[in-house]
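This report describes how two chains are folded and divided. Please look through the sequence and the structure before reading on.

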Amino acid sequence: MRVIAALSGGVDSAVAAARAIDAGHEVVGIHLALTPDPAQFREGGRGCCSLEDARDARRVADVLGIAYYVWDLAEQFQADVIDDFVSEYLAGRTPNPCLRCNEHIKFSAVLDRAIDLGFDAVVTGHYAQREVRDDGVVELHRAVDATKDQSYVLAVLEQWQLQRSLFPLGADPKTAIRDEALERGLLVADKPDSHDICFVADGRTQQFLRDRIGPREGDFVDAETGQTLGRHDGTFGFTVGQRRGVTIERPRADGAPRYVVGLDASTQTVLVGPESLLRVDVIDAANARWTIEPAHNGAELAVQVRAHGDTTPATVQFNESGLRLTLQSPERGIAAGQTAAMYAGTQVVGSATITGASRSRA
Amino acid sequence: MTAAYAITGNASSLHASGRQARKLVEEARETIAGALGCRPGEVIFTSGGTESDNLAIKGLFWARRAGDQRRIQVITSSVEHHAVLDPVEWLGTHEGAVVQLIPVDSHGQIDVDALREMVAADPGSVALISVMAANNEVGTVQPLNEVVAIASEHGIPVHCDAVQAAGVLDLNFAIDGIDALTVSSHKVGGPHGVGALVAARGVAIEALLHGGAHERSRSGTLDAPAIAGFAAALIAAVDQREQTVARIEVLRDSLIKGVRHVVPDAVLQGDPVASGRLPGNAHFSFPGCEGDALLMLLDARGIECSTGSACTAGIPEPSHVLLAMGVDPELARGSLRFSLGSTSTQADVDALIEALPAAVDRARRAGRPRIRISSEA
């Protein structure tokens, strides 16, 4: 196959590209330029958009002996990932920009362009496994290394995308990938893992949002009594389940800490309450995407609501606005905007965007 | 040049091996002077075109301003290489220079009347004028004689970046009346990392690099073998110039004809008249394509061309040259430069013409926006 290797400048994508070459594919390396102003991004090795990373990606291509190009997707990234991130927070939701990037950029804009230019697939350094069935249908499974598993952020992929993606790292632990990078002479072997949000240069997400949204003062309101307890300078500074930043002078009568239990962006209200209010067992979600086909009504699946969280058994029921997941046991701190990934064993069935969460019994 | 590497002496030392190296450098200086029509003493060796441009522009500016504080204007064209534009801009932001950019027409040729007016407005305030001999992207040859005529009326020094023109156009430093001329070794087939600034006798140029004054207005140990290679390459290019030009002009015209035949809506940028452009340059814009997609597709077929410039991170940017020519930014993004040199053949041209239609077709498909409706639950 003719394959595009998306090289971030990190160790995982480098080894993934090397393995694709070993597998006999004709590989061309690309690095995604996702910002019109690279200087605003951090220069260290932690993000995915710095000048140093562009240089590292080029060096990886040199070592592998493959052609290398920079694809400028800054406009799409701004519109589909950064603007979406800000507007989701503005609307009182908690987005996951890595999922949006996979959905709109890496496995959509990049894949479309690759196909148009005569390529068959995109290879990335994500830790996940593809299993091709006898009938050609591709299943998406968790990586063997549970600490590195990235199937959650790939749960937005549909069959046409899985058909044209390669994830050669999913069967190995990260340590083995680092060793292999070293053996292959890829100098990025000791680069630290990337984490955080790549476009928030200093890792200070609240400040990033404040710079773009500005102050939007509102009230802290007691979720149980409806009483106004204090002021805050924007719902975007809060996420359901958060305790930090809840600056209310008057303590609860029982002395228990207060948590953010809900956000209402239309009134700029941050609802606060005791930890017990965070525990929910009903999730409503919309915009479902399925790796192969929709789950059947009443299916028993396992639900994961954050990138590195545990799963909870749940029943899926479809309704007019999307679907409802009824959890077997309550989960803590589920926010609208997050993605609920649905698994059957190690297999990713699909995902949906959480619109709300509640408790089935008071 | 390989033999020259056996000489280990420092050309600035007085011992025997130093003298040997010195001999190499001085012979090269004489060869280059002969090739460019200047005196040996006017050749200042540098690390290449960028350093020569920086030395000429900053050095002339500083020296001219030191002679008269009113001389703070730097006039250059809007289509110069960044090795000229950037130091000019730097003088503007750091040294109080007033920068004036000469506009160009749709072919990329400077507006001589505009230059005349710029100078006439206050000739005593002009420190220098810098205009390239021929454009590196679209190949347009500039009317240097007219620039020199305007400048010499007021005793204003002229710098010319002739990196693209050396060995290709008929350059003669003494006859052309230029005060400072940039040439680079690698563009004439010599080693990379070496070049020269030819600076007329009597023209003061403040040094950029201080530390021993190994060269006039320039310090730093000379790379004698590279300089020897540079001189050999330049004299060979100049000696064979007429034959080479005649040959590559035929190839260039065949390339232009071929491209227009297989992609009828391709737009030839630069001067459409053969004598108005560099003999080895053909520059096209392909509507609906992105230049880097085309480059990638052609590269995969073994055809090497270029899209113009990219920033440090390698992000393709629309060319400032095309934008200055008034080319629509969308069209500018779909531009490719094909350069032909002494080693190019008709087979190379044929291979391009064969690969181009499919590449343009694919690049157009890739450049098209697409709407996808995602599945809903």
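Helices (H or I, at least four residues) and strands (E, at least two) are DSSP runs, numbered from the N terminus. By that count chain B has twelve helices and ten strands. The radius of gyration of chain B (taken over C-alpha atoms) is 22 Å, close to the 21 Å that the globule rule (2.2 Å times the number of residues to the power 0.38) gives for 377 residues, so chain B is as compact as a globular protein of that length.

This is a predicted model: local features need pLDDT of at least 70, side-chain atom pairs count only at pLDDT 80 or more, and totals for chains, interfaces and linings use all residues. Residues are numbered from 1 along each chain as its sequence is written, while chains are lettered from A and ligands numbered from 1 in the order in which they are written.

The C-alpha trace of chain B spans about 80 × 55 × 50 Å along its principal axes. A residue is buried if 20 or more other C-beta atoms lie within 10 Å of its own, exposed if 12 or fewer, and partly exposed in between, with C-beta atoms placed from the backbone. Of the 377 residues in chain B, 50% are buried. Two residues are in contact if their C-beta atoms, placed from the backbone, lie within 7 Å. Among contacts in chain B with a separation of 6 or more, 71% join residues 24 or more positions apart.

The expected span of a helix is 1.5 Å times one less than its number of residues.

| Helix | Residues | Number of residues | End-to-end C-alpha distance | Expected span |
|---|---|---|---|---|
| H7(B) | 224–239 | 16 residues | 22 Å | 22 Å |

H7(B) is mostly covered, with twelve of its 16 residues buried. These include B:Phe230, B:Leu234 and B:Val238. The buried residues of H7(B) pack against helix H1 (16–36), strand S1 (43–46) and helix H8 (241–262) of chain B. In H3(B), the buried residues include B:Val84, B:Leu85 and B:Leu91. Their cover includes helix H2 (49–67) and strand S2 (73–77) of chain B. Just after H3(B), B:Gly96 has a positive phi of about 75°.

Domain bounds come from an automatic or database domain assignment. Chain B has domain 1 (3–239) and domain 2 (241–367). Their C-alpha centres lie 28 Å apart, and the contact takes 19 residues from domain 1 of chain B and 19 residues from domain 2 of chain B.

Chain A is divided into domain 1 (2–190), domain 2 (215–273) and domain 3 (278–358). The C-alpha centres of domain 1 and domain 3 of chain A are 25 Å apart. Their contact takes 20 residues from domain 1 of chain A and 17 residues from domain 3 of chain A. On the domain 1 side, strand S6 (138–142) and helix H5 (159–163) of chain A each supply at least two residues, and S6(A) gives the most, with four residues.

A nonpolar core is a set of buried Ala, Val, Leu, Ile, Met, Phe, Trp, Tyr and Cys residues joined through C-beta atoms within 7 Å. The largest has 130 residues, and A:Ile4, A:Ala340 and B:Leu294 are among those that touch the most other members. Helix H4 (residues 97–116) of chain A gives the most to this core, with eight residues. Leaving aside neighbours within four places in sequence, the contacts of A:Ala340 include A:Ile283, A:Val303 and A:Leu325.
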